[in-house]
Amino acid sequence: MKIFLDTADLSDIRWASQAGLIDGVTTNPTLLSKHAGDVDPQDVLQEICSLVDGPVSAEVVAVDADGMYGEGRELAKLADNIVVKIPMLEDGMLATRRLVADGVKVNVTLAFSSVQCLLAAKAGATYVSPFLGRLDDIGHDAMEIVREARQMFDNFGLETEILAASIRHPRHVAEAALIGADVATMPTAVLKKLLLHPLTDRGLDQFLNDWSKLVARAKVNA
Ligand code: E4P
């Protein structure tokens with residue numbers, strides 16, 4: 001499963017990219033608003049694209065087909081690795097189709113059911129993003145939606161990649177991988193949690209303690 005970082009924080013992206021942990025980045029208007037400060041968001045997106053050797057999702061803010069298409073075309077000019085994020089709307093399907101026909105990659109976002117995922121695939125999206133955490137927040141079984149979408153895409157050989165989004169914790173990542181989501185996009189905090197295990201810390205403490213005892217003994221005997 002590919003891992004994308006769900007942020008517009010340049011230093012986080014730089015770290016994760018240099019560590020070879022991520023295959024791409026997803027942003028949205030909220031994340032850009034949080035991290036861009038007073039910098040032009042298009043400049044931030046270009047910087048992100050230069051930091052990552054992989055797709056970078058950038059979202060349109062228009063909600064009509066012509067507006068989404070026009071914004072999508074402009075976003076796609078920012079860098080070769082831009083993927084245009086289009087919301088799961090009736091007009092979004094029209095805009096997706098037109099952008100795909102122009103050779104622009106699309107990530108259909110804000111998907112909350114398996115049949116929405118199916119329609120995004122029909123429209124030709126490269127990715128569709130079911131939002132797991134937001135579904136869990138309202139008491140739904142988010143993983144069931146990913147499972148159903150996986151089965152549907154496999155039944156009919158649909159090539160759209162399932163991009164598990166709105167990831168809140170490491171179990172979301174593990175379950176998405178087990179079900180066969182193609183990508184999981186997660187905040188930096190979740191990516192860093194994937195690195196952690198208390199037994200790793202305890203084991204390292206013990207190794208370092210034992211090593212300093214050995215060094216102390218060696219000094220005494222010298
Ligand atoms: C996906 O591309 C979105 O940016 C993201 O995963 C939304 O997650 P949230 O529910 O944590 O805002």
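1. Start at aspartate 6: an N or O atom in its side chain sits 2.7 Å from an oxygen atom of the ligand, a polar contact in the sense of a pair of N or O atoms within 3.5 Å. Keep in mind that this is a predicted model, where local features need pLDDT of at least 70, side-chain atom pairs count only at pLDDT 80 or more, and totals for chains, interfaces and linings use all residues. Residues are numbered from 1 along each chain as its sequence is written, and side-chain values use heavy atoms, with hydrogens and water left out.

2. For lysine 85, a polar side-chain atom is 2.6 Å from an oxygen atom of the ligand; for arginine 168, the distance is 3.1 Å. Of the 340 Å² of accessible area that the ligand has on its own, the protein covers 84% (Shrake-Rupley method, 1.4 Å probe).

3. Who else is around the ligand? Besides Asp6, Lys85 and Arg168, look for Thr26, Asn28, Phe131, Arg134, Ala165 and Ser166. By type, the shell has four charged, three polar and two nonpolar residues (Asp, Glu, Lys and Arg count as charged; Ala, Val, Leu, Ile, Met, Phe, Trp, Tyr, Cys and Pro as nonpolar; the others, Gly among them, as polar).

4. Now over to serine 129, which belongs to strand 6, residues 127-130 (strands are DSSP runs of E, at least two residues, numbered from the N terminus). Its relative accessible area is 1%, so serine 129 is buried (under 20%, with a 1.4 Å probe and protein chains only). The side chain of serine 129 makes a polar contact of 2.8 Å with that of asparagine 107; within protein, one atom must be able to donate a hydrogen and the other to accept it, and residues adjacent in sequence count only if both atoms are side-chain atoms.

Key. A residue is near a molecule or strand if one of its heavy atoms lies within 4 Å of it. Helices (H or I, at least four residues) and strands (E, at least two) are DSSP runs, numbered from the N terminus. Buried means under 20% relative accessible area, exposed over 50%, partly exposed in between (1.4 Å probe, protein chains only).
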